Amino acid sequence: MTIMVLGLIELQDQSAFELYRAQVGNTVELYQGSIQSRGTVTEIFWNELCCGAFSAFVELHFATQALAHAWAHSPEYQALVSIRNKAMKLTLFGVAI
């Protein structure tokens, strides 16, 4: 079973985002993950759960839930959290596929 990690992103600071984006991929790879796609949200068709605003997304894949969890809580990723917090508001969740 593959774990897909989805991030819903509301950009706050473009320069901080570029700094974060330049480094986050290396942390994903350390935990055998990959960035599958990134993009800009063009239209929200329904938002019945009243999620906060988001304008972009990222899709990561990991071989196991344990690897996804290890990455999200890793010291390598946690070192980027202060940059991430300046760059964006983020909702990040895992999905078994």
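Student: What share of the 97 residues in the protein chain do buried residues make up?

Tutor: Buried residues come to 33% of the 97, where buried means under 20% relative accessible area with a 1.4 Å probe, protein chains only. The model is predicted, so local features need pLDDT of at least 70 and side-chain atom pairs pLDDT 80 or more, while totals for chains, interfaces and linings use all residues. Residues are numbered from 1 along each chain as its sequence is written, and side-chain values use heavy atoms, leaving out hydrogens and water.

Student: What makes the protein chain as compact as a globular protein of that length?

Tutor: Its elements run β-α-β-β-α-α-α-β from the N terminus, helices being DSSP runs of H or I with at least four residues and strands runs of E with at least two. The radius of gyration is 13 Å, close to the 13 Å of the globule rule for 97 residues, so the chain is as compact as a globular protein of that length. The radius is taken over C-alpha atoms, and the rule is 2.2 Å times the number of residues to the power 0.38.

Student: Which side chain makes a polar contact with the side chain of Glu-59?

Tutor: That of His-61, at 2.7 Å; the cut-off is 3.5 Å between N or O atoms, one able to donate a hydrogen and the other to accept it. Glu-59 itself lies in strand β3, residues 56-62.

Note on methods: Buried < 20%, exposed > 50% of the residue type's maximum accessible area, 1.4 Å probe, protein only.
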